[in-house]
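I wanted to get to know this protein by looking things up one at a time. These are my notes, in the order I made them.

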Amino acid sequence: MRDWRSELGLEPHGEGGLFRRIYTGPQEMVTAHGPRPSASSIYYLLDGTQPSGLLHRNRSDILHFLIDGGPLEYVTVDPVGRLARTVLGADAERFLLVPGTWWKASRLVGGASHGLVAEVVTPGFDYADHEFAPLSVLDDFPHLADELREFVRA
């Protein structure tokens, strides 16, 4: 495996894994929550030391593109509580859209040593638009509690 951490200058991410912001659009958009860049993008890496990320959501849509490795499984939950699993990998999907307000988490599957994705966020990412899932999300979606528990920080 290439040393993506060093090659791309990745740093620990609060949701797990490693990341680096690679683009912030120069134009601002007016949103209900204040001005945001038109788009932003990051590299995001899961590997053997950080094989999964925490359940979280953003107000903005996020496009995920597999660059290297995998397979990675994305677990998403829409606002009404429907769970979906999408695998990104050589023999699966290479791209995933997660609409704004949907919960999402990702993890390595199938013996993968790593998974490197690029994410494009539109409107651009702002920490004010980001939320880690509280434990109460398991009460909000009791029918999914067993499937989501591993992605929620106690």
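Predicted model: local features only at pLDDT ≥ 70, side-chain atom pairs only at ≥ 80, totals over all residues.

**Entry 1**

I started with the strands. Six of them make an open sheet, and reading across I get β1-β2-β5-β12-β7-β10, with antiparallel pairing.

Which strands stand at the edges? I found β1 (11-12) and β10 there, each with a single partner strand, so one side of each has no neighbour in the sheet.

**Entry 2: who pairs with whom**

Next I went through some of the pairings. Strand β2 (residues 18-24) is joined to β5 by six bridges, running antiparallel.

Then β5 (residues 40-47) pairs with β12 over eight bridges, in the antiparallel sense. Leucine 46 is opposite glycine 115 of β12. On to β7 and β12: eight bridges, antiparallel. In that part I noted histidine 64 opposite glutamate 119 in β12.

How many residues of strand β12 are buried? I got seven of the nine in residues 114-122, so the rest of the structure largely encloses this strand.

**Entry 3: rings**

I searched the whole structure for aromatic pairs and came away with two. In one, phenylalanine 65 and phenylalanine 95 sit 5.1 Å centre to centre with 45 degrees between the planes, which is a tilted pair. Phenylalanine 65 belongs to strand β7 (residues 61-69) and phenylalanine 95 to strand β10 (residues 95-98), so this pair ties together parts 30 residues apart in sequence.

Tyrosine 127 is exposed, at 61% relative accessibility.

I also spotted a charge over a ring: arginine 153 lies over the face of phenylalanine 132, 5.4 Å from the ring centre.

**Entry 4: the largest pocket**

The largest pocket comes out at about 270 Å³. I count 18 lining residues, with His13, Phe19, Ile42, Phe125 and Tyr127 nearest its centre.

Which strand gives the most to the lining? That's β5, with three residues. At least two residues each come from β2, β5, β6 (56-58), β12 and β13 (130-132). By class, the lining has seven nonpolar, seven polar and four charged residues.

**Entry 5: the cavity**

Last stop. I looked for cavities of 30 Å³ or more and there is one. About 30 Å³ of space lies in the largest cavity. Its lining is His56, Arg57, Asn58, Ser60, Ile62, Val98, Pro99, Trp102 and Lys104. The top contributor here is β6, giving three residues. The classes are four nonpolar, three polar and two charged.

How values were computed
Residues numbered from 1 in each chain as written. Heavy atoms only, no water. Phe/Tyr/Trp six-rings, centres within 6.5 Å; stacked < 30°, edge-to-face > 60°. Helix = DSSP H or I, 4+ residues; strand = E, 2+ residues; numbered from the N terminus. Buried < 20%, exposed > 50% of the residue type's maximum accessible area, 1.4 Å probe, protein only. Lys NZ or Arg CZ within 6 Å of the ring centre and 35° of its normal. Pairing = 2+ DSSP bridges. 1 Å grid on protein atoms, 1.4 Å probe; cavity = no way out; pocket = protein on both sides within 12 Å on 5 of 7 lines; lining within 4 Å. Points joined across faces, edges and corners; volume = space filled by probe spheres on them. Nonpolar A, V, L, I, M, F, W, Y, C, P; charged D, E, K, R; others polar.
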